[in-house]
Amino acid sequence: MATEVRSGLFQLKVPIPNNPLGWVLPYLVPGDDGYTLIDSGWNTPDAFDALEEELRAAGVTFDRIKRLIVTHVHPDHYGLAGRIKEACGAEVIMHQREQDFIRSRYREPEQLLERMAAWLIENGVPRDEMQDLQQSSMPARSFVVPAEPDSVLWGGETLDFGLFKFEVYWTPGHSPGHLCFYEREKRIILTGDHVLPTITPNVSLHPQQMGNPLGDYLASLRRSPEAACGDRAPPRTAAGRDAGNHRRRRRDCVRGRGGRGLDDGHVRYVLALDASRRDQRDARAPGVRGAGRQAASDEGERRGTVRARAGANELKAGLPCGGAVLA
Ligand SMILES: [Zn+2]
């Protein structure tokens, strides 16, 4: 059921059918010229109907949606973009880096599949197991009706809707062009998959996310408006409470204040981060210099990425996905 998290701003709940994640959480923001939807949901008949029902519960019909902003183009956040655009002509907006993935993932994936095969082989995947891994993301394409963006964001902009003014934060890590939106005055952050209510997001390597995704993610956490909220703002919603608890648990653990009450998956995630940091520290030790030090550091971050991903995947079952309000 749609939840009004601030006067006029609604959190919507859209099911992800036949998926243990359960829900994705788009937000509806009122504005001077109509409404803005942030994220959409998967493209299934049930999800589309649920979105329409949630909008109705918030007192809004599709024809009043002026724009759809997606935090990133994963199917659960972007899947209904084409249908929403068709229903109401909404302007579609996303980060430039996410725009680059629309054609290669959802329209013409052949080249990406070739790159994936080469990358898997290069990283030691046996040829007889390669094809399953190469194709593993392809079923998700059926949950996306793509729409090209009408405009793009880079991070650093302010979106002035009238009552709400959201600062745009570029937060790569979970996805290269992931965005968060921060309402400084009202102390609201819409976090997409960057910060989830009780779990850590998937941060992984693949041919479209090379380099050091975990390093990018950690840097995004340090930069992101979550830090700007500090400890002064009491969470005021269920999602906010969960997110606040998540933040406190992580802070306490990382600062070495204990860790009692942490679930196993969270401990695994923090330990992965610790291992990554330890590896980096070792790499900086005397006797490891120049290229060797960098290689050791990269390896440490890479191992951290793999461990964090394993923990996050195990944790996801039965938990809502896609959005938290920290306030
Ligand atoms: Zn995602």
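Seven strands make up an open sheet of mixed pairing, ordered S1-S2-S5-S6-S7-S8-S9. Strands here are DSSP runs of E with at least two residues, helices are runs of H or I with at least four, and both are numbered from the N terminus. The model is predicted: local features need pLDDT of at least 70 and side-chain atom pairs count only at pLDDT 80 or more, while totals for chains, interfaces and linings use all residues. Residues are numbered from 1 along each chain as its sequence is written.

The sheet has strand S1 (3-6) and strand S9 (151-153) at its edges, each pairing on one side only; two strands pair if DSSP finds at least two bridges between them. On average, neighbouring strands of this sheet are turned by 25 degrees against each other, direction ignored. S8 and S9 run parallel and are joined by three bridges. Met 94 stands opposite Val 152 in S9.

Two helices are described against these strands. Helix H3 (residues 81-88) packs on the sheet and touches strand S7 (65-69) and S8, its direction making about 165 degrees with that of S7. H4 lies across S8 and S9 and runs at about 110 degrees to S8. Axes are lines fitted to C-alpha atoms, for helices over the stretch in contact, and angles run from 0 to 180 degrees between N-to-C directions.

The buried residues of H4 are Arg 97, Glu 98, Phe 101, Arg 105 and Tyr 106. They cover an arc of only 115 degrees around the axis, so they lie on the same side of H4; the arc is that of the directions from the helix axis to the C-beta atoms. Buried means that 20 or more other C-beta atoms lie within 10 Å of a residue's own, with C-beta atoms placed from the backbone. Strand S8 (91-95) and helix H5 (110-122) are among what covers these residues.

Two residues other than glycine have a positive phi, as listed here.

Most residues other than glycine have a negative phi.

For the protein chain as a whole, there are 11 helices and 14 strands. Of its 327 residues, 43% count as buried. Among contacts between residues at least 6 apart in sequence, 67% join residues at least 24 apart, a contact being two C-beta atoms, placed from the backbone, within 7 Å.

Key. A residue is buried if 20 or more other C-beta atoms lie within 10 Å of its own, exposed if 12 or fewer, and partly exposed in between; C-beta atoms are placed from the backbone.
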